[in-house]
Amino acid sequence: MPKKRDTRKKNTNAAAKAKLRKKRIALEILAVGVGLAVLALAWAYSRQMPTPPAIPAASVLAIEDVGLELIAQRDTSYITVYYPKTNSAQVNRVVKLFVDEQLAHFRAGVQPRARFTLPHQRGYDEFTLGVEATRFDDDIVSFVFRGFTRYAGEEAGRGSLDTMTFDLSTGTQYALEALFLKPETDGHLKTLTTLAFGGPEETALAPESFARFALDGDTLRLFLPPPAQGVGIPLAPLRQLLARRLRAPIRGGVLDPAYALPPEPDVSGLEGKKLVALTFDDGPHGTLTPRLLDFLKEQGVHATFFVVGSSAALYPDIVRRAAAEGHQVGSHSYTHKDLTKVSAQTRGEEIERSAALLEELIGYRPTVMRPPYGAQNAAVQNASDVPLILWSIDPRDWETRNADKTYTRVMANARDGDIVLMHDIHAQTIDAAMRVVPALKAEGYTFVTIDQLIAARGGAQAGDVIYNRPA
């Protein structure tokens, strides 16, 4: 009897083991199936969400003192953002604020989706932002941001283009109008339009169409709508319209000699003084101007010479001497035409030709201009990139050619802040000046150049008309 019980027990154990083997095989098959399903889903998901191409950053990294920051996200959305980092905390704040606003705008457009939808139903949202950096000089840098946004389910996305231009030394951000003189006028926009399109017929473009720009060496790049690669405009033809800072690039920590600024006027010790500015027009004269310069040097007095370009071309050494001895050299046009009675083209040529010649002779462009005959109007003001200097005392030396009358009229009318008009092409005027200077000194006057008078008494902008500057 015991033998039968052992046989039954062995049969039961064998059956249990067989059943367990079947369950194990089934579980293994299920595991393989789940694994294959996971792989299939991963493959499908990867097919649905390809990795966007990296945005080139070499143009940023090649700019000295400008680094690169990266924001990358690979979860429910694909986000790749490159943005610059500079040595200016203010610039970095402005740039980061812009980046954060771009990201917030993108995320606001992402639509919520069911958690367990399949990848081919879900799709993906994508935002990329790249940056290109260009440099005008050591401090002024432009950033061009190109973005791309595409939301799930869209066949095609949309691009964007934004620009920023900064002075890294101050943290200042430039708007386009800040690059030009007299921003209250639209003269620079008309000029830009003509240079961009080759003619004035496109002037229907709204001012906001010019908002996107970058400075690239000696070129102004405009990104006109729709955003494209941009139109490059050389800065040279714009020179008389540009703000002074843009005329003086800093290369290697020093002013580029090709764009040298004039010396800063010395106003130390002028506060509370009686000031007078002697000005001489229509020169230089080959013999009379040197005689006057000899006298002024002996007296330790500086004056302002408004020279005619054509005469300056004949006597360049006299112009250089005047500047070297501390006198101010201003423009009086190139051929002494009445600028209110000529075409806009001739007016521009008279102003620019004289300024360019003086820059060649003394190393920088003149900072003041006296229109011939004192004739000026809105057209002359808008054409000038410097203040227009008239006068408060005219002894009419050019008319009387009489030293006594010239002397008497100056002394009878002299007041603090006056600008005296005389002409160094008449011998009688030189004789009168040699009496006026010691006489005004005796009355307590301090002689200043026009730049000193303006700097000491409130400053001036391009196109301003100045007769005198009383305290």
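**Close-up views of a predicted model**

**View 1. Helix H6 packs against helix H8.** Helix H6 (residues 288-299) and helix H8 (residues 316-324) pack at an angle of about 15°, and their axes are 10 Å apart. Helices (H or I, at least four residues) and strands (E, at least two) are DSSP runs, numbered from the N terminus. Axes are lines fitted to C-alpha atoms, for helices over the stretch in contact, and angles run from 0 to 180 degrees between N-to-C directions. This is a predicted model, in which local features need pLDDT of at least 70 and side-chain atom pairs count only at pLDDT 80 or more, while totals for chains, interfaces and linings use all residues. Residues are numbered from 1 along each chain as its sequence is written, and side-chain values use heavy atoms, with hydrogens and water left out. H6 and H8 are therefore roughly parallel to each other (angles under 35 degrees count as roughly parallel, over 145 as roughly antiparallel, 65 to 115 as roughly perpendicular and the rest as oblique). The crossing of H6 past H8 is left-handed, meaning that the near helix is turned anticlockwise from the far one by less than a right angle; clockwise would be right-handed. From H6, Thr289, Pro290, Leu293 and Asp294 meet Ile318, Arg321 and Ala322 of H8; contact means heavy atoms within 4.5 Å. The residues of this contact of H6 with H8 divide into four nonpolar, one polar and two charged (Ala, Val, Leu, Ile, Met, Phe, Trp, Tyr, Cys and Pro count as nonpolar, Asp, Glu, Lys and Arg as charged, and the others, Gly among them, as polar).

**View 2. Helix H8 also meets helix H9.** The axes of H8 and H9 come within 9 Å and cross at roughly 70°. That makes H8 roughly perpendicular to H9. H8 passes H9 in a right-handed crossing. Pro316, Val319, Arg320 and Ala323 in H8 meet Leu358, Leu361 and Ile362 in H9. By class, the residues of the contact of H8 with H9 are six nonpolar, no polar and one charged.

**View 3. Helices H12 and H13 cross.** The axes of H12 (residues 403-413) and H13 (residues 427-442) come within 8 Å, crossing at roughly 35°. This crossing of H12 and H13 is right-handed. Among the H12 residues that meet H13 are Tyr407, Val410 and Met411. The H13 residues in the contact include Arg435, Val436 and Leu440. The contact of H12 with H13 has eight nonpolar, two polar and three charged residues.

**View 4. A salt bridge joins Asp281 and Arg370.** The closest N and O atoms of the pair are 2.8 Å apart. A salt bridge is a side-chain nitrogen of Lys or Arg within 4 Å of a carboxyl oxygen of Asp or Glu. Asp281 is in strand S12 (residues 274-281), and Arg370 is in the loop between H9 (344-362) and H10 (378-383), 89 residues apart. The whole structure has 16 salt bridges.

View 5. Most residues other than glycine have a negative phi, and most peptide bonds are trans. A cis peptide bond, with omega about 5°, joins Gly283 and Pro284. Ser333, a residue other than glycine, has a positive phi near 75°.
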